[in-house]
Number of protein chains: 2
Amino acid sequence: MQPVLHYLKQHQDRFVAELGDYLRFASVSAQPQHKPDLLACAQWLVKHCQHLGLDASLRPTAGHPIVVAKTKRAKNSGKPHYLVYGHYDVQPPEPLELWTTPPFEPRIAGRNLFARGSTDNKGQNFAHLKAVEAYLKTGTPLPCDLTFVLEGEEEVGSKSLSGFLKQHRAELACDAIVVSDTGMPAPNCPALTYALRGIIAFEITLRGPARDLHSGIFGGAVENPAMALSQLLAKVRDEKGRIKIPGFYDGVAPLSKYEREQIKRYPLSDMKLKKLLGATKLFGEKGFTATEQRSSRPTFEINGLTSGYQGEGSKTIVPAWARAKITCRLVPNQKPAHVRKIVCAWLKQNCPPTVRLEITAGHGAEAYLVSPTSRPAQAALRALEKAFGTKPILMREGGSIPIVNEFKKVLGADTLLLGIGLPDDNAHSPDEKFNLDCFAGGQRMSAFLWQELAG
Amino acid sequence: MQPVLHYLKQHQDRFVAELGDYLRFASVSAQPQHKPDLLACAQWLVKHCQHLGLDASLRPTAGHPIVVAKTKRAKNSGKPHYLVYGHYDVQPPEPLELWTTPPFEPRIAGRNLFARGSTDNKGQNFAHLKAVEAYLKTGTPLPCDLTFVLEGEEEVGSKSLSGFLKQHRAELACDAIVVSDTGMPAPNCPALTYALRGIIAFEITLRGPARDLHSGIFGGAVENPAMALSQLLAKVRDEKGRIKIPGFYDGVAPLSKYEREQIKRYPLSDMKLKKLLGATKLFGEKGFTATEQRSSRPTFEINGLTSGYQGEGSKTIVPAWARAKITCRLVPNQKPAHVRKIVCAWLKQNCPPTVRLEITAGHGAEAYLVSPTSRPAQAALRALEKAFGTKPILMREGGSIPIVNEFKKVLGADTLLLGIGLPDDNAHSPDEKFNLDCFAGGQRMSAFLWQELAG
């Protein structure tokens, strides 16, 4: 391993410069105008992988293409085969005015690299590519066969990947999948994530009058859809943070004593979290710590509100409609289809007759839970400890990576979640960044991982 | 009067074409980029008035200029002096995609002229100018001295006009002010409006975390400002349509039996109103008819909601802030400053400690109420009857014309509200229009009015 580790150490500056090139693509999958940027980014990735010595190709889909890159391998090598999954698409960068520098012009300040997609997920998947580069360029034998699967639709629900997995089931058959798209609490505190939250996304629109009305001439005799929406949404949550929709918590398994103890090891106090978020006060479901709330409990979150006039000054109207974008985070044992059904039924039942309710369904994904005591999980814990020089923690993470359930369903394989993002990385927020020590540590972790998994 | 009426009849086509020219100016006072359009519109008006034979001039203000146009008069003519007030600024035209044709490209269909500002207020003030033109061009002696005051800031609170009135108190001293900026129920049903609602405008912003947060990583442990805003706004109104803020109805005088009877004469059934508005159901404060609700009761109206992500697709965030634009309509005896104070205090008191509340105050105006039995009001009723050939109704209107209170305060004069807009004119809405029969009737009404007032 010494040549591999030495190579990684020697080439950090170049790796950071290459990651900068990767980050310059505005690969925003939610916004149709960025389709050419996604294609250009995928083509750049293919070339980069080929340059490292991988068999890489662009696989077209109905949406954005998938990049597949494999280590060259002997037939029936007998080596274990692992997939490394990541995504090259990114969240929308808006609101642009809140970025210190433009989101697609990478900037280094101290040990941080700022750019949209830096931590979620380009920087994290690039760390794995650099570890393989170190093996290949130093002529160190890789003890595993590896296949990188880098998709362009993760931020919009991975619509094409599921079909792709089914279509290429034999080619992608593997012992496990490795994903770095989660977090670790601090640069000196590596983590193995053993659970993820699921998600359902939808949009509700309440329609009142046929058009915006003069609020002087008509206001008072007709429902205001923005008020109706506020009153409908207000009923969803009680003052203690509990979701009041009957059945919402169906199937949610209580946290075991062991799990609550593991979660307590998470090194971020409520005080520190409050400071990190810049909130005046933390708020969440009574009876749970902040770390439990955001990792192990379901939520009903309003992601956006739109109604009426939003420009400068005032416009005295009763708006014709009001809309909310909503996502619910789900936890293990909650079924997305069931939660969607009861939430939609409740909304319909509670919507006043003065407005018409329209619900547009978005993506959905089950939560994920694996055993942290399995052989691959133990190998991963050893790799983390060797790479970062400190004992890793076990954690549940609040985000959703819908595709891990597809991996289990289609390929029958578990996923190792070995995230190297930090809580203050501003994923999905303005001024997203990636810590360069985590980048380097992630490369070492990946290098050790193939030894430990094969060992 | 015959030459005047004949002249009006002969020149309708030209008048409509001229009104089209007036409507082509995008004089949107709320939007700074339209400042040059307001100036161009005001300059066009000055030239047009001069062309009619009026002494017209542009009066600069700190905001948009005021157009003043006077009939030429002998010193100490002994004639009564009336002001005709109107405004050449218009509401923002957004949402543009809901207009059948562009808002500043006037279009005639049947007896309607479609354009932003057609009914509110360009078409209405232009009717008065055309009546004066008929007097002047036919050499018919005008029995009154007239001064037109056409401002460019009505839709943003008439900020400059009040100071202008004070500065030119002597020049503008008058027997009464005539304003056509209200409505009549139908083209064959003229109306004198004897009351208007007042208004207070404000904007509230609830701020939570310092930036938009990843709803997976942090959702559940921090307040969602969009939910906090919904819950705060939801508390404002009960399920029967009554505003729950204590003291909100302070001073509201109950409607007298006589007034309720007058309001009953308003020829628009609930069924017709529902159809006109395109609502599935009417909704308003229990114990009042729809016409009472929208003319004689105060409201708390959400004009706009803004929070988080509003683009295509989804963005899984806890938004950093949520905002509502709000106006309350007020009725006679409610004091705007008092209502603003109790509403703001209530919002502060009811805002949860998990978010910071910011309130930005907008414009405000008292409600207006005059006697419909005064000598000028009786003269106006006779002019309406002669112009439209049918007995006018007395009505309260729900809109606000803040400046009528300033006229009373500064000039000590009452205002005659002789609106010629129709309920389906889409004032403040897409596809705003003005009825050409109302335009012609309004010109006749104005012509008769000066005779009746002087008589």
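In chain A, helix α4 (residues 118-138) and helix α14 (residues 436-454) pack at an angle of about 50°, with their axes 8 Å apart. That angle makes α4(A) oblique to α14(A). The crossing in which α4(A) passes α14(A) is right-handed. Please keep in mind as we go that this is a predicted model.

Which residues make the contact between α4(A) and α14(A)? From α4(A) come A:G123, A:Q124, A:A127, A:H128, A:K130, A:A131 and A:A134. From α14(A) come A:F439, A:G442, A:Q443, A:S446 and A:A447. Sorted by class, the residues of this contact are 5 nonpolar, 6 polar and 1 charged.

Now let's turn to chain B and its own helix α4. Helix α1 (residues 2-10) of chain B meets helix α4 (residues 118-138) of chain B, with axes that come within 9 Å and cross at roughly 120°. α1(B) and α4(B) are therefore oblique to each other, and α1(B) passes α4(B) in a right-handed crossing. On the α1(B) side you will find B:P3, B:V4, B:Y7 and B:L8, which meet B:K130, B:A134, B:Y135, B:K137 and B:T138 in α4(B). The residues of this contact divide into 6 nonpolar, 1 polar and 2 charged.

Most residues other than glycine have a negative phi, and most peptide bonds are trans. The peptide bond from B:D120 to B:N121, however, is cis, with omega near 10°, and B:N121 is found in helix α4 of chain B. Chain A has a cis bond to look at too: the one from A:E94 to A:P95, with omega near 0°. A:P95 sits in the loop between β3 (81-87) and β4 (107-109) of chain A.

β4(B) and strand β5 (residues 112-114) of chain B pair over 3 bridges in the antiparallel sense, and the bridge partner of B:A109 in β5(B) is B:N112.

Two other places in chain B are worth a look for their phi angles. B:S158 has a positive phi of about 50° although it is not a glycine; you can find B:S158 in the loop between β6 (145-151) and α5 (161-167) of chain B. With 25 C-beta neighbours inside 10 Å, B:S158 counts as buried. B:N333 is not a glycine either, yet it has a positive phi of about 85°. B:N333 lies in the loop between β13 and α11 (336-350) of chain B and is partly exposed, with 13 other C-beta atoms within 10 Å.

Back in chain A, strand β16 (residues 393-397) has 4 of its 5 residues buried, so it is largely enclosed by the rest of the structure. Its pairing with strand β8 (residues 191-196) of chain A runs in the parallel sense over 5 bridges, and A:A195 stands opposite A:R396 in β16(A).

Finally, let's see how the two chains meet. 86 residues of chain B are in contact with 86 residues of chain A. The largest share of the side of chain B that touches chain A, 8 residues, comes from β11(B). By class, that side of chain B has 34 nonpolar, 36 polar and 16 charged residues. Strand β11 (residues 301-308) of chain A pairs with β11(B) in the antiparallel sense over 5 bridges. One bridge to find in the picture links A:G308 with B:G304 in β11(B).

Conventions:
Residues are numbered from 1 along each chain as its sequence is written. Chains are lettered from A and ligands numbered from 1 in the order in which they are written. This is a predicted model: local features need pLDDT of at least 70, side-chain atom pairs count only at pLDDT 80 or more; totals for chains, interfaces and linings use all residues. Two residues are in contact if their C-beta atoms, placed from the backbone, lie within 7 Å. Helices (H or I, at least four residues) and strands (E, at least two) are DSSP runs, numbered from the N terminus. Ala, Val, Leu, Ile, Met, Phe, Trp, Tyr, Cys and Pro count as nonpolar, Asp, Glu, Lys and Arg as charged, and the others, Gly among them, as polar. Two strands pair if DSSP finds at least two bridges between them. Axes are lines fitted to C-alpha atoms, for helices over the stretch in contact, and angles run from 0 to 180 degrees between N-to-C directions. Angles under 35 degrees count as roughly parallel, over 145 as roughly antiparallel, 65 to 115 as roughly perpendicular and the rest as oblique. A crossing is left-handed if the near helix is turned anticlockwise from the far one by less than a right angle, and right-handed if clockwise. A residue is buried if 20 or more other C-beta atoms lie within 10 Å of its own, exposed if 12 or fewer, and partly exposed in between; C-beta atoms are placed from the backbone.
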